[in-house]
Amino acid sequence: EFVKLNFKGNQISFEIEKINLLSRVIDLPYPDFKNLVSNGVFNKTITIDTEEFINVLKRVFVFVKNNSDSKGGAIFYLEGEKFLIEGISESGKIKEDIILKKDGEDLKIQLNVKYLLDFLQNLDKNKKTIIKLSNSRGTVLLKNEEVVIDTFDRSYIFCFSSANVSNEYLPYNVKNFTDLVS
């Protein structure tokens, strides 16, 4: 099948058989992601099994997908060699943990589970996932373990901002990971 592409002013249309899709072209500069990725200050690196991470996130997503307070986010507690992921909904809460390899200090961060799952589905599940971050409000970078960031090859690199972490989202006030498991 052929796709007919038309431009007129700031509009673009795509025609396929009897379907016509019309859109407006956004005339704004694209964010400088290369500078952000290559010059970002990432002082924490997590190495995690991709397939296991996806399976955990799928279970957590069942709870957070309709939670308007968290906007699809879950709280990720990084302490030692564990990642505790907590999600809540009106019907219940879930706590999952996963073993990982970490360089850097412990951290609590809220991340959108759907965004993570959408990206992770495109990675090679036989390779580890690398997560680079700096603090609970900074940029987060995800990639497969063998992707060299400076080359910008055809592999996937996902860069996004974390959600705002507040204790109001938590069902109880948690100061650190050990409060949750004790």
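Trainee: How many aromatic pairs does the structure hold?
Mentor: This is a predicted model, and the structure holds two aromatic pairs.

Trainee: What makes Phe 53 and Phe 83 a pair, and why is the pair called stacked?
Mentor: Ring centres must lie within 6.5 Å to pair, and planes under 30 degrees apart count as stacked. Phe 53 and Phe 83 are 6.1 Å apart centre to centre with 20° between the planes, so the pair is stacked.

Trainee: Which parts does the pair tie together?
Mentor: Phe 53 lies in helix α2 and Phe 83 in strand β6 (residues 82-89), so the pair links parts 30 residues apart in sequence.

Trainee: Why is the pair of Phe 76 and Phe 83 called tilted?
Mentor: The angle between the planes is 55°. Stacked needs under 30 degrees and edge-to-face over 60, so this angle falls in the remaining class, tilted. The centres are 5.3 Å apart, and the limit for a pair is 6.5 Å. Phe 53, Phe 76 and Phe 83 form one aromatic cluster.

Trainee: How do you know whether Phe 53, Phe 76 and Phe 83 are buried or exposed?
Mentor: Buried means under 20% relative accessible area. Phe 53 has 1%, Phe 83 has 2% and Phe 76 has 0%, so each counts as buried.

Trainee: Why does Lys 71 count as exposed?
Mentor: The cut-off for exposed is over 50%; Lys 71 has 64% relative accessibility, so Lys 71 is exposed. Lys 71 sits in the loop between α2 (50-64) and β5 (73-79).

Notes
Residues numbered from 1 in each chain as written. Predicted model: local features only at pLDDT ≥ 70, side-chain atom pairs only at ≥ 80, totals over all residues. Heavy atoms only, no water. Helix = DSSP H or I, 4+ residues; strand = E, 2+ residues; numbered from the N terminus. Buried < 20%, exposed > 50% of the residue type's maximum accessible area, 1.4 Å probe, protein only. Phe/Tyr/Trp six-rings, centres within 6.5 Å; stacked < 30°, edge-to-face > 60°.
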